[in-house]
Amino acid sequence: MKAVKSEQVEPRPHGPPLPAEVTSFVGRRHEVAEVKRLLSASRLVTLSGVGGVGKTRLAARVGTLVRRAFPDGVWLVDLAALANPGMLTPVVCETLQVEASSADPPLQVLIDHICDAHALLILDNCEHLLPEAALLAETLLRACPRLRILATSRQALGVAGEQTLSISSLPVTGRTVTGPDTAPDGGIVAGDAVRLFAERAESVVPGFTLTQDNLPTVERICHRLDALPLAIELAAVRLRALSVHQLLARLDDRFRLLTSGSRAVLPRHQTLRALIDWSYGLCTEPERLLWERTSVFSGGLDLEAAETVCAGDGIDRDDILELVIGLVDKSILLREEHSGTVRYRLLETIRQYGRERLHASGTTTRVQQRHRDHYRDLITRAEHDWFGPDQVAWLDRLRTEHPNLRAALEYSFSTADESAVGLEMAAGLLHHWMVNYYLTEGRGWLDRGLAAGTEPGAVRAKALCADAWMAITQGESGAALRMLDEAGSIGDLLGSRSVGAYVALFRGMVAMYATDADSAIRYYKEAAAVHRRLGDRKGLALGLIWLCLACSFQGSSKSALEYGQEGLTLCDAAGERWNGAYATMALGVETWREGDLRGATELVRRSLRSHRDLDDPLGMGVDFEILAWVATAEKDYERAARLLGILRTTWRLIGAPPSGCGHLVRCHEECASRTRAAMGGHAFATACEAGAALPFGNALTYALGERRLPVADPVGSPLTRRETEIADLVAEGMSNKDIAARLVIAQRTAEGHVEHILNKLGFNSRAQIGAWVGKRRPR
């Protein structure tokens with residue numbers, strides 16, 4: 001270091017002691033490694049994240065671990081209590097034990113003192129001094145070539161060359177920990193958030209330990225607290241007076257409940273509300289308004305939704321993007337990518353705070369109505385574009401927006417004079433309920449809307465038909481017929497041929513479920529003729545598909561093939577996938593009946609691929625069924641039995657058999673009977689169990705013939721079946737996005753599984769997973 005005036009005191013070789021950890025440091029293994037990596041490559045690293053996420057603890061832990069790499073010291077400057085920006089440099093000087101004379105500017109004295117120092121300076125809690133902290137960091141880095149700075153802040157400093165790492169909440173599920181009430185594999189699987197709660201709880205209630213009984217409750221507590229370390233620590237203190245079950249029950253009022261922290265920390269870290277108040281105070285007035293208004297969203301929002309719902313009354317629509325960027329920078333909104341688009345999410349704690357502020361402003365109802373109207377428009381657009389090339393994109397979007405759709409429906413049905421709008425929305429979501437197998441939920445909304453008013457009209461008739469179709473799919477023909485009777489009466493009253501056609505179509509489904517093919521064909525032909533005249537491609541495609549199935553069941557092969565091919569051609573021409581998959585499946589059934597087993601397999605696998613892309617569990621179940629029949633016809637009984645086992649798991653997952661195709665039950669029973677007779681009861685049961693035990697992603701690839709059944713994982717693996725399956729895919733070099741697509745799961749879910757695998761195996765990279773899998777595979 002450069003010598004300066006004699007009255008100055010040079011820093012000790014390794015600096016003053018960093019803040020001692022008075023409680024254990026839990027988790028953050030990967031974050032620690034990443035911060036160390038970033039510091040090796042960049043001279044300024046900023047840890048950003050919402051208040052209470054643990055940025056300070058992480059920075060201090062990294063500082064302790066890298067001390068040997070900085071011979072001139074690691075210095076932590078706590079700026080949290082500093083209110084006067086002009087005191088920033090003097091505070092840094094004070095921490096570094098640099099005494100400046102009144103004649104020299106403090107900054108220049110500081111630079112002279114550390115210009116040659118190979119040191120790490122940790123600037124903690126910079127968010128309220130952002131311009132000043134950024135200027136100081138940039139000045140020091142330019143003047144001191146061997147200095148590195150690690151900053152913590154709600155948002156980045158914005159300095160050239162800065163590397164930022166966003167610190168997220170702790171994982172709730174994860175690696176195994178020991179306990180007296182252990183799981184079968186010798187431990188309780190718990191994530192870092194749960195481990196943190198358990199360790200802090202044990203310090204409050206000696207003897208507290210995780211058990212299989214209290215683990216679900218603790219996990220729910222951590223989820224409700226967004227797995228924020230500070231919130232978890234504040235909650236654990238409450239175990240002095242509450243059980244974990246009582247604590248969970250009171251978390252709706254979390255800001256009043258979580259008020260006791262360490263008296264040794266700043267007041268805003270002693271209560272959850274004070275912490276969020278601090279973040280709120282750092283926002284501009286328009287940012288606060290946007291924060292409040294985004295709190296009406298559930299599960300996240302996109303930019304379009306923010307512009308539509310949140311603009312006006314103090315926020316110009318053209319300013320929304322910059323305000324969103326500001327809230328992302330301040331770690332209020334969390335940025336996430338989904339299917340190539342960017343969405344924003346509020347942690348539940350942040351959202352609840354915003355809701356309280358919104359309620360206090362007296363504008364909650366107005367913003368909720370804008371929210372509802374936005375999603376009403378979204379449903380209308382999705383319904384209009386359903387029979388076309390954008391179908392998969394719309395399905396994915398509606399799945400993503402499902403929490404918001406629920407919120408919009410709840411607002412409509414719980415607000416006076418708005419239930420008619422709710423009924424219209426619920427009916428417009430018919431294909432969302434059907435494809436995603438939200439049948440019970442969809443029928444619940446429709447039943448609620450139908451009970452709220454009985455005025456006959458087009459919306460009511462549409463809702464009755466939608467409800468009836470879902471009832472048929474769930475095997476409730478009696479309820480379906482009652483609703484179809486009322487819908488038919490409304491159609492006659494309105495003179496609506498469209499309503500009459502759909503009533504006929506669904507009556508045909510009821511008849512087909514009862515194996516009355518003659519009546520079903522009569523209804524289907526009536527419906528198809530009207531839909532054709534009206535130019536309703538959706539109704540016509542459905543009629544043609546069901547005509548194909550009914551004629552096949554009746555033995556009219558030529559008619560079945562003609563109707564099925566016409567339906568498929570209609571769908572292909574429009575770029576429609578869902579009805580097209582069922583048309584392909586129907587043709588596969590008839591091709592199987594004709595004895596063309598190779599052709600049937602090709603058609604049904606094509607249908608299965610489409611249903612996989614659409615994530616339609618019912619459609620995939622029917623395809624599994626038909627592939628089992630084909631395998632039996634080919635006398636590949638082992639495969640048939642495994643497929644029947646896969647089918648059993650599929651129906652259990654979706655909660656119902658394929659009731660809408662109830663006439664196929666006879667074929668199922670014949671397939672099972674023949675296969676059991678050929679294999680023997682024990683072998684048949686064993687093969688079925690093997691199929692039923694397959695993770696769903698492996699079941700799909702097996703049914704599609706894309707790869708053979710995986711070899712059972714050797715005894716002693718700490719991974720679950722699902723994690724073993726994902727580890728195999730990681731070993732194949734697949735990305736999280738590719739894994740999500742292969743297994744038909746969300747990318748975030750895939751990322752979570754990979755993180756759990758790394759935690760359980762103690763690895764830091766995907767390459768290590770690949771090597772581990774390779775060693776365990778049989779030669």
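Guide: A disulfide is a pair of cysteine sulfur atoms within 2.5 Å. Keep in mind that this is a predicted model.

Visitor: How far is the sulfur of C671 from the closest cysteine sulfur?
Guide: A disulfide needs two cysteine sulfur atoms within 2.5 Å. The closest cysteine sulfur to that of C671 belongs to C688, and it is too far for a bond. The distance is 9.2 Å.

Visitor: How many disulfides does the structure hold?
Guide: C671 is too far from C688 for a bond. For the structure, the number of disulfides is zero.

Visitor: Is C671 buried or exposed?
Guide: Buried means under 20% relative accessible area. C671 has a relative accessible area of 5%, and C571 has one of 0%. C571 is therefore buried, and C671 is likewise buried.

Visitor: What is the secondary structure of the protein chain?
Guide: The protein chain has 779 residues, of which 54% count as buried. Among its contacts between residues at least 6 apart in sequence, 70% join residues at least 24 apart. Its secondary structure comes to 38 helices and ten strands.

Visitor: In what order do the five strands of the parallel open sheet stand?
Guide: Strands of a sheet pair through backbone hydrogen bonds, either parallel or antiparallel. β3 and β4 run parallel and are joined by four bridges, while β1 and β4 pair in the parallel sense over five bridges. The order is β2-β3-β4-β1-β5.

Visitor: Which strands stand at the edges of that sheet?
Guide: An edge strand here has a single partner strand, so one of its sides is left without a neighbour in the sheet. From one strand to the next, the twist averages 15°. The edge strands are β2 (74-78) and β5 (163-166).

Visitor: Which residue in β4 is the bridge partner of V45?
Guide: Strand β1 covers residues 44-48 and pairs with β4. Strand β4 covers residues 148-153, and five of its six residues are buried. The partner of V45 in β4 is L150.

Visitor: Which residue in β4 is the bridge partner of L123?
Guide: Strand β3 covers residues 120-124 and is joined to β4. I122 stands opposite L150 in β4. For L123, the partner is A151.

Visitor: Which helix makes a β-α-β unit with β3 and β4?
Guide: β3 and β4 run parallel. With a helix of residues 130-143 they make a β-α-β unit that is right-handed. The helix is α5.

Visitor: At about what angle does helix α2 run to β4?
Guide: Helix α2 spans residues 55-65 and lies across β1, β2, β3 and β4. Its angle to β4 is about 160°.

Visitor: Within what arc do the buried residues of α14 fall?
Guide: An α-helix has 3.6 residues a turn, so residues three or four places apart point the same way. In α14 (residues 320-329), the buried residues are I320, L323, V324, G326 and L327. Seen down the axis, they line one face of the helix, because they fall within an arc of 160°.

Visitor: What covers the buried residues of α14?
Guide: These residues include I320 and L327. Among the elements that cover them are α12 (285-294), α13 (303-310) and β10 (341-345).

Visitor: Which residue in β10 is the bridge partner of D302?
Guide: Three strands form an antiparallel open sheet in the order β8-β10-β9. β8 (301-302) and β9 (334-338) stand at its edges, each with a single partner strand. β8 and β10 pair over two bridges. The partner of D302 is R343.

Visitor: What is the phi of S331?
Guide: Most residues other than glycine have a negative phi. S331 is found in the loop between α14 and β9, and it is buried with a relative accessible area of 7%. Although S331 is not a glycine, its phi is positive, at about 65°.

How values were computed
Residues numbered from 1 in each chain as written. Predicted model: local features only at pLDDT ≥ 70, side-chain atom pairs only at ≥ 80, totals over all residues. Heavy atoms only, no water. Buried < 20%, exposed > 50% of the residue type's maximum accessible area, 1.4 Å probe, protein only. Pairing = 2+ DSSP bridges. Right-handed = clockwise from strand over helix to strand, strands pointing away. Axes fitted to C-alpha atoms, helices over the stretch in contact; angles between N-to-C directions. Contact = heavy atoms within 4.5 Å. Arc of directions from axis to C-beta.
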